[in-house]
Amino acid sequence: MHRAERKLHSLEKIVVIGAVVAVLFVSVGFAQGAGPRRKAAELPDKMALRSSVALVQDAASGETLFDKNSETVLPIASITKLMTAMVVLEHNLELDDRVVISQDDLSATRSSRIRGRLRPGSELTRDELLLLALMASDNRAAAALARTFPGGTEDFVAAMNREAERLGLHDTRFSDPTGLSPYNVSSAQDLVKLVKAAHAHPLIREYSTRRSAFVKARGGTVGFNNTNSLVRSGKWEIELSKTGYISAAGRCLVMQMRVGARELIVVLLDSYGKHSRIGDAQRIRKWLESSAAREPHG
């Protein structure tokens, strides 16, 4: 009798242990994404981005969809020109005023590896300079905008830093209006705020996403193209764009764009390889589109 009772007790223990193991198995499987809907945040780890810093944020809600070292402070190269444009516009400088490219503008951009296409003596409107600074990332255009600011370049840079402080960009410092200085620094978290603020200016949205333009300069008509090949392709819904490059910063890119029904801000910093920032942007878009396709509808 005692023997039968012991067998029954052992059988009950086995059943209980089996039930516990089954519950644990189901729980672990669900936590690892075995359920019907997998969190999108788990997927980007497989993208192997070449940018040292990357941040993807929903422009409307502020939700962070992907974050890679977004607090790291790095040189930002010509992303600087978004702030240059904002200072020009927010100080209500006359855009129809004509500005002559000077030797000072040439000297201010001498460290650039890219040979400027605006020769000293070229006369353009401030509006044209703003277009070329944003679309073609022209350094002489940006230098001329700062030089002709009331008080000159020094006061212009001070205004840039005041605006950064007003926007709450605590990681951001500006040393020059072009981005050629490695002392122009920021974080991806700050740059999302900068993109949002710049996006509020219709002219910045328009000029930063124009594919090409021609201006009359010394020596004849000169053509310029957008530095972002994704803008030039016409296949992306990009509402704001700015590229940047100096050796200290690597390849940089910020965009506000639409993917499906979502407005997104993308920041890529310190990307190595000539086409790596574009490749990273394409990987991010592919991930976002595939994530949207997996979401339940109705």
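1. Basis of the model. The model is predicted, and local features are reported only where pLDDT is at least 70, with side-chain atom pairs counted only at pLDDT 80 or more, whereas totals for chains, interfaces and linings use all residues. Residues are numbered from 1 along each chain as its sequence is written, and side-chain values use heavy atoms, with hydrogens and water left out.

2. Overall make-up. The chain has ten helices and eleven strands, taken as DSSP runs (H or I of at least four residues for helices, E of at least two for strands) and numbered from the N terminus. Of the 298 residues in the chain, 48% are buried, where buried means under 20% relative accessible area, exposed over 50% and partly exposed in between, with a 1.4 Å probe and protein chains only. Among contacts (heavy atoms within 4.5 Å) between residues at least 6 apart in sequence, 63% join residues at least 24 apart.

3. The open sheet. Five strands, in the order S2-S1-S11-S10-S9, form an open sheet with antiparallel pairing, two strands being paired if DSSP finds at least two bridges between them. Strand S2 (64-68) and strand S9 (237-246) are at the edges with a single partner strand each, so one side of each has no neighbour in the sheet. On average, neighbouring strands of this sheet are turned by 10° against each other, direction ignored; the axes behind such angles are lines fitted to C-alpha atoms, for helices over the stretch in contact, and angles run from 0 to 180 degrees between N-to-C directions. S9 and strand S10 (residues 250-259) run antiparallel and are joined by nine bridges, and Ile238 has Met257 as its bridge partner in S10.

4. Nonpolar cores. A nonpolar core is here a set of buried Ala, Val, Leu, Ile, Met, Phe, Trp, Tyr and Cys residues joined through side-chain atoms within 4.5 Å. The largest has 64 residues, and those with the most contacts inside it are Leu82, Met83, Leu118, Leu129, Ile204 and Val267. Apart from it lies another core, of 21 residues, including Leu49, Phe66, Met257 and Val266.

5. The H4/H5 pair. The axes of helix H4 (residues 126-135) and helix H5 (residues 139-147) come within 8 Å and cross at roughly 135°. The two helices are therefore oblique to each other. Arg126, Leu129, Leu130, Leu132 and Ala133 in H4 meet Ala141, Ala142, Ala144 and Leu145 in H5. Beyond its neighbours within four places in sequence, Leu129 has contacts that include Val99, Ile101 and Leu118.

6. Helix H2. Ten of the eleven residues of helix H2 (residues 80-90) are buried, so H2 is largely enclosed by the rest of the structure. Thr84 lies in this helix and is buried, with a relative accessible area of 1%. Leaving aside neighbours within four places in sequence, Thr84 is in contact with Ala142, Leu145, Phe156, Met160 and Pro177.

7. Two positive phi values. Most residues other than glycine have a negative phi. Asn69, although not a glycine, has a positive phi of about 60°; Asn69 is placed in the loop between S2 and strand S3 (74-75) and is partly exposed, with a relative accessible area of 43%. Asn92, also not a glycine, has a positive phi of about 55°; Asn92 is in the loop between H2 and strand S4 (98-100) and is exposed, with a relative accessible area of 65%.

Terms used. Angles under 35 degrees count as roughly parallel, over 145 as roughly antiparallel, 65 to 115 as roughly perpendicular and the rest as oblique.
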